Amino acid sequence: MEDDSDSDAVSRRKALQIGSALGVTSVAGCLDMLNGGGESAEIPELSTFRGSGALAEGRPAPGGTSIEELPDLSGELSLYIGGGEGGIYYEFVNMLQEIYPDFEVYPNDDSSASLAQTIVEEVDSGAAQADVFWSIDASSLGFVADNDAYEPLSDEAVEAVGNAQFVGDDNAWAGVAGRARAVPYNTEELSESDIPNTVQDFPGTEALQGTMGWAPTYGAFKSFVTAMRLIQDEDATRQWLVDMREAGTERYGNEYAVSQNVASGSLAAGFANHYYAMRVKNQQPDAPIDLAFTEGDAGALINVAGALKVQGTQRGELVDNFVRHLLSAEAQEYFTTVSFAYPMIEGVEPVGGLPTVDELSPPDIDLAELSDLEPTLELMEDAGVSG
């Protein structure tokens with residue numbers, strides 16, 4: 001990915017300029033125009049796949065391959081789907097089942113980490129139950145891939161992904177929705193010039209002393225620390241955690257709470273995934289919150305939810321076709337406007353004035369390596385910031 005940080009047109013911390021009338025509602029169940037039981041699929045209008053509110057209004061039609069251009073989904077599919085965003089994602093699965101009367105999904109939902117462990121154990125015992133694993137993070141996909149419990153997706157299934165960083169080695173998995181690490185900040189307390197270019201400079205920045213929040217027990221934060229450990233080293237990462245803790249960084253249970261407290265003025269800034277600020281704006285349109293993005297470090301990490309074909313499946317072609325549907329124009333518009341995720345294909349714009357993935361400066365790391373969590377957990381405990 002090219003670094004566009006020198007461009008005047010695109011700032012590394014491009015202000016969101018989030019609309020003041022945000023709103024997102026579930027679109028599941030809005031498929032009244034579907035053929036309820038006929039042989040052929042009837043594809044709903046694009047608006048069915050789009051969230052509501054200011055961020056969805058006036059958007060251009062998404063580019064990419066339409067569902068209409070893909071083979072019909074037909075048959076039974078055993079899906080292991082990770083928690084968290086899994087509820088939003090499964091709404092889309094339900095939409096696919098409405099579109100294709102001959103397509104039926106049998107879901108098993110749990111945390112992505114637990115499902116990854118289960119898949120490896122089942123494959124090792126020769127009793128794999130899942131056909132496809134839809135994880136909310138690359139680390140769980142990497143764990144399954146590292147344990148050779150996958151089968152490569154077809155080239156056709158992954159070709160729509162616009163950035164090679166979001167496809168696993170050997171086509172082990174394909175990213176379907178992205179999330180960027182960001183720094184939500186209160187615009188009444190700070191300006192973007194107060195936010196350093198790299199998180200390594202945060203402990204020494206006077207404006208941030210005792211004014212920040214984080215959620216150390218949150219999975220996204222652990223991936224962030226893992227990325228820092230891979231980019232820097234364990235000693236530097238441990239010292240950064242200690243410095244931030246000693247600077248008075250406040251603990252919260254999740255990153256949505258961090259973003260809420262930034263908006264309320266209880267915090268001046270925090271560490272969170274990008275979409276939490278937008279969710280706060282959805283509830284509080286006039287909240288004084290915006291996002292800053294760092295450059296080339298762990299604070300600029302882009303992680304993905306993605307899909308993997310489980311070793312031993314007898315439905316490999318159906319899995320490939322299912323993944324192609326997750327990367328369709330309609331699916332990407334859905335994930336982008338309902339969960340505020342970053343789209344994985346070209347031709348679909350991120351919402352709310354967000355910089356595109358190509359305009360950000362993520363670190364050059366293999367996302368699958370984020371599965372190596374044990375050293376991170378030990379390091380966080382040593383630094384006094386573990387759960």
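Select Ser66 to start: Ser66 touches Ala329 and Glu330, leaving aside residues up to four places away in sequence. Contact here means heavy atoms within 4.5 Å. Ser66 sits in the segment before E1. At 14% relative accessibility, Ser66 counts as buried. Buried means under 20% relative accessible area, exposed over 50%, and partly exposed in between, with a 1.4 Å probe and protein chains only.

**Before going on**

This is a predicted model, where local features need pLDDT of at least 70, side-chain atom pairs count only at pLDDT 80 or more, and totals for chains, interfaces and linings use all residues. Residues are numbered from 1 along each chain as its sequence is written, and side-chain values use heavy atoms, with hydrogens and water left out.

**The whole chain**

Zoom out. The protein has eleven helices and eleven strands. These are DSSP runs numbered from the N terminus: helices are H or I with at least four residues, strands are E with at least two. Of the 387 residues, 57% count as buried. Now take the contacts between residues at least 6 apart in sequence: 80% of them join residues at least 24 apart.

**Stop one: Glu333 and its arginines**

Look at Arg50 first. Arg50 forms a salt bridge with Glu333, and the closest N and O atoms are 2.7 Å apart. Arg50 lies in the segment before strand E1 (75–82) and Glu333 in helix H10 (residues 329–338), so the pair ties together parts that are 283 residues apart in sequence. Arg50 counts as buried, at 17% relative accessibility. Glu333 is buried too, at 0%.

Turn to Arg59. The side chains of Arg59 and Glu333 meet in a salt bridge, 2.8 Å from N to O. Arg59 is also in the segment before E1, with Glu333 in helix H10, so this pair ties together parts that are 274 residues apart in sequence. Both Arg59 and Glu333 are buried.

**Stop two: Arg238 and Asp382**

Select Arg238 and Asp382. They form a salt bridge, with the closest N and O atoms 3.9 Å apart. Arg238 is in helix H6 (residues 234–246) and Asp382 in helix H11 (residues 374–382); the pair links distant parts of the chain, 144 residues apart. Are these two residues buried, partly exposed or exposed? Arg238 counts as partly exposed, at 24% relative accessibility. Asp382 counts as exposed, at 55%.

H5 has 13 residues and reaches 18 Å from its first C-alpha to its last, close to the 18 Å expected at 1.5 Å a residue. The expected span is 1.5 Å times one less than the number of residues. Colour its buried residues: Ala220, Phe221, Ser223, Phe224, Val225, Thr226, Ala227, Met228 and Arg229.

H5 and H6 pack at an angle of about 135 degrees, with their axes 8 Å apart. Axes are lines fitted to C-alpha atoms, for helices over the stretch in contact, and angles run from 0 to 180 degrees between N-to-C directions. That makes H5 oblique to H6. Angles under 35 degrees count as roughly parallel, over 145 as roughly antiparallel, 65 to 115 as roughly perpendicular, and the rest as oblique.

Which residues meet here? Phe221, Phe224, Val225, Met228 and Arg229 in H5 meet Glu234, Thr237, Trp240 and Leu241 in H6. The residues of this contact divide into six nonpolar, one polar and two charged. Ala, Val, Leu, Ile, Met, Phe, Trp, Tyr, Cys and Pro count as nonpolar, Asp, Glu, Lys and Arg as charged, and the others, Gly among them, as polar.

**Stop four: H2 against H3**

Select helix H2 (residues 112–124) and helix H3 (residues 138–146). Their axes come within 9 Å and cross at roughly 10 degrees. That makes H2 roughly parallel to H3. Ser112, Ala113, Ala116, Gln117, Ile119 and Val120 make the contact from H2, and Ser140, Phe143 and Val144 from H3. By class, the contact of H2 with H3 has six nonpolar, three polar and no charged residues.

**Last stop: Ala300**

Select Ala300, in the loop between strand E10 (289–292) and strand E11 (302–310). Ala300 is buried, with a relative accessible area of 7%. Not counting residues up to four places away in sequence, Ala300 touches Arg181, Thr294, Glu295, Ser361, Pro362 and Pro363.

Note on methods
Salt bridge = Lys/Arg side-chain N within 4 Å of Asp/Glu carboxyl O.
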